[in-house]
Amino acid sequence: MKTTLILLLILLALFCAYLLLLAARPGKKAMEELKRFRYAHRGYHDKPQVPENSMAAFRRAVQHGWGAELDVHLLKDGTLAVMHDSSLLRTAGADVEIEDLTREELANYRLEGTQEHVPLFDEVLALFEGKTPLIIELKTARGNHFALSKAVCKRLDSYRGRFCIESFDPFALMDVRKLRPDFCRGQLSMNFEKDRAGLPFYKRFIVTNLLLNFLTRPDFIAYKFEDRHKLSPRLCETLWHAQPVRWTIRTKQDLDTCECEGAIPIFEQFDPVT
């Protein structure tokens with residue numbers, strides 16, 4: 001009996017510790033404004049004519065009254081550019097890493113067989129300023145999380161639009177928390193046991209279960225829509241009142257489900273109004 005009681009107390013202590021690891025920062029007023037919008041994933045693209053993360057896609061989002069989700073990389077010369085992959089192979093047909101390019105070199109590439117160039121972060125901010133909000137994902141590479149976070153935060157200091165920052169990389173969010181504690185920030189994640197993404201077991205376990213939240217203290221949890229029933233995001237959103245964000249929504253039915261659950265939708269490949 002005594003042994004059983006000890007084991008139960010140990011399990012209770014471990015569960016309490018687990019809940020503390022999931023800690024979020026609820027109640028950020030700026031989140032209320034961001035919740036009023038739907039967000040076009042990598043802009044409101046329409047392939048093959050309108051590539052993802054292109055100025056044309058971002059203009060379409062603004063024209064329709066949507067916010068937009070976008071991805072930011074740090075170039076070799078310190079320039080910030082908007083692109084999902086580090087490699088330009090999929091989107092620009094070039095076997096080169098964006099982090100190895102300068103601003104001038106990047107200007108030579110075009111997106112997905114169109115005349116659209118790879119946008120600079122400054123261009124996108126100028127388009128959205130005073131209009132619809134942005135979800136800005138920090139795409140870290142080769143351990144550059146602090147340099148990227150610092151550059152993005154510094155640029156956003158003079159931005160007069162609505163935005164929040166997210167990343168899969170908890171270290172980038174720790175940097176944002178330190179550099180600009182008032183910025184809205186969110187932890188991106190998914191079930192990495194299904195899509196391992198080349199990560200070792202311990203990293204998959206940590207990021208899938210949001211176990212560094214106590215260090216990042218996110219305002220929102222941007223979890224893959226299909227994986228949203230995992231225990232950790234549910235507990236974080238229910239007990240710690242983190243705002244749920246869901247990606248990527250591709251049908252009207254999923255959009256309705258997402259919004260009925262109180263989540264902010266990041267959508268693509270359909271018109272959410274029709």
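Biologist: How many salt bridges does the count come to?
Modeller: In this predicted model, local features need pLDDT of at least 70 and side-chain atom pairs count only at pLDDT 80 or more, while totals for chains, interfaces and linings use all residues. Residues are numbered from 1 along each chain as its sequence is written, and side-chain values use heavy atoms, with hydrogens and water left out. A salt bridge is a side-chain nitrogen of Lys or Arg within 4 Å of a carboxyl oxygen of Asp or Glu, and by this rule the count comes to 21.

Biologist: Glu193 and Arg204 meet in a salt bridge; is Arg204 buried or exposed?
Modeller: The N to O distance of this pair is 3.6 Å, and the pair links Glu193, in the loop between β6 (185-189) and α9 (201-208), to Arg204 in helix α9, where helices (H or I, at least four residues) and strands (E, at least two) are DSSP runs numbered from the N terminus. Buried means under 20% relative accessible area, exposed over 50% and partly exposed in between, with a 1.4 Å probe and protein chains only. Glu193, at 33%, is partly exposed. Because its relative accessibility is 8%, Arg204 counts as buried.

Biologist: Which residue forms a salt bridge with Arg228?
Modeller: Arg228 is buried, with a relative accessible area of 10%, and lies in the loop between β7 (220-224) and α11 (231-239). Its partner sits 33 residues apart, in the loop between α12 (252-260) and β9 (264-267). With the closest N and O atoms 3.0 Å apart, that partner is Glu261.
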